[in-house]
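Look at the structure below and keep the sequence beside it.

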Amino acid sequence: MRLFVALMLSDAFRASIINTQAALRKCGIKGTYTAPDSLHVTLAFIGEQKSPSAANDALKQVSFSPFEISAGPLGYFRSSSIIWQGLEDNGNIVMLAEKVRTALQRSGVPFDGKPAVPHITLIRRASSFDAEKIAVPTETMTVERIDLMRSDVISGRRVYTSLFYRKAES
Ligand code: 2AM
């Protein structure tokens, strides 16, 4: 099974991101828009594993306090034609990603070591990136949990399912 660790979005935050996707659509940008339920921030991409148990055990070792995030400007990964929502988070997402990755390493779970760039993928294979007119959402959310996610292709569509979550300690 294909696994990754992510921050999933609150309903209100997700709704504001969906509005941004709608604004991009209105601008005529074509591509594969991320489905509402799949919008997330990746902390660590693990990839294929026979079982989620070692990753579960690793997440049990991660402790963190709740923190606020808000939307920032949009960004563009030119190499993969991805338009993404940037985030304002006082560096907390990268710090949390580091904790997750350290715990995975200690548990012997492999992961993609590319530096974490906090983002929410909005459109893959975007036809262009002409988004200066798009307003930045004002919604904020409190990060209160991290999820171990499973990624499957079901009827040609990628579907993410939470297998386990670790709550912040307030
Ligand atoms: P993303 O974070 O830019 O959206 C599940 O595949 C998630 O893990 C995707 O959302 C994907 O991109 C992210 N990811 C990070 N590194 C990856 C890799 N090497 N291969 C596939 N997905 C990766």
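This is a predicted model: local features need pLDDT of at least 70, side-chain atom pairs count only at pLDDT 80 or more; totals for chains, interfaces and linings use all residues.

The largest nonpolar core has 43 residues, and F13, L24, L43, V100, I120 and I146 are the ones with the most contacts inside it. Helix α3, which covers residues 92–106, supplies the largest share of this core, 6 residues.

L24 shows what such contacts look like. With neighbours within four places in sequence left aside, L24 is in contact with I29, Y33, L74, I83, L122, I123, A131 and I134.

V100 is another of the core residues with the most contacts, and its place is in helix α3. Is V100 buried or exposed? V100 counts as buried because its relative accessibility is 0%, and the cut-off for buried is under 20%. Apart from neighbours within four places in sequence, V100 is in contact with V5, L43, A44, L59, V62 and I146. Two of these, L43 and I146, are also listed among the core residues with the most contacts. For a sense of distance, V100 and A54 are 46 residues apart in sequence, and their C-alpha atoms are 13 Å apart in space.

Helix α3 also holds R101. R101 has a relative accessible area of 9%, so R101 is buried. What does R101 touch, not counting residues up to four places away in sequence? The list is L43, A44, F111, D112, G113, K114, P115 and A116. With K114 there is a polar contact: a polar atom of the R101 side chain lies 2.8 Å from the backbone oxygen of K114. The C-alpha atoms of R101 and A58 are separated by 8.9 Å, although these residues are 43 places apart along the chain.

A buried residue can also sit in a loop. L9 is found in the loop between β1 (2–8) and α1 (11–26). L9 counts as buried because its relative accessibility is 7%. Beyond its neighbours within four places in sequence, L9 is in contact with R14, I17, L39, V41, I120 and M141. One of these, I120, is also among the core residues with the most contacts.

Now turn to the strands. Strand β4 (residues 67–77) pairs with two others described here. With strand β7 (residues 140–143), β4 runs antiparallel and is joined by 4 bridges; in this pair, E68 stands opposite T142 in β7. With strand β5 (residues 82–88), β4 pairs in the antiparallel sense over 6 bridges, and S70 has E88 in β5 as its bridge partner. β4 and β5 form a hairpin with 4 residues between them.

A further antiparallel pair is made by strand β8 (residues 145–154) and strand β9 (residues 157–167), over 10 bridges. Here I154 has R157 in β9 as its bridge partner. The hairpin of β8 and β9 has 2 residues between the strands.

Most residues other than glycine have a negative phi. Where do positive values occur here? In the turn between β4 and β5, S81 has a positive phi of about 50°. In the hairpin of β8 and β9, S155 takes a positive phi near 50°. N90 has a positive phi near 55° and is not a glycine; N90 lies in the loop between β5 and α3. N90 counts as exposed because its relative accessibility is 77%. R125 also has a positive phi, about 50°, without being a glycine, and R125 is found in the loop between β6 (119–124) and β7. At 58% relative accessibility, R125 counts as exposed, because the cut-off for exposed is over 50%.

The last stop is the ligand. Which residues surround the ligand? They are R2, F4, H40, T42, F45, D112, H119, T121, R124 and Y160. One of them, D112, is also touched by R101. A polar side-chain atom of T42 is 2.7 Å from a ligand oxygen atom. For T121, an N or O atom of the side chain is 2.7 Å from an oxygen atom of the ligand. For R124, an N or O atom of the side chain is 2.9 Å from an oxygen atom of the ligand. On its own the ligand has 460 Å² of accessible area, and the protein covers 76% of that.

Terms used. Residues are numbered from 1 along each chain as its sequence is written. Side-chain values use heavy atoms; hydrogens and water are left out. A nonpolar core is a set of buried Ala, Val, Leu, Ile, Met, Phe, Trp, Tyr and Cys residues joined through side-chain atoms within 4.5 Å. Buried means under 20% relative accessible area, exposed over 50%, partly exposed in between (1.4 Å probe, protein chains only). Contact means heavy atoms within 4.5 Å. A residue is near a molecule or strand if one of its heavy atoms lies within 4 Å of it. A polar contact is a pair of N or O atoms within 3.5 Å; within protein, one must be able to donate a hydrogen and the other to accept it, and residues adjacent in sequence count only if both atoms are side-chain atoms. Accessible areas come from the Shrake-Rupley method with a 1.4 Å probe; for residues, only the protein chains shown count as cover. Two strands pair if DSSP finds at least two bridges between them.
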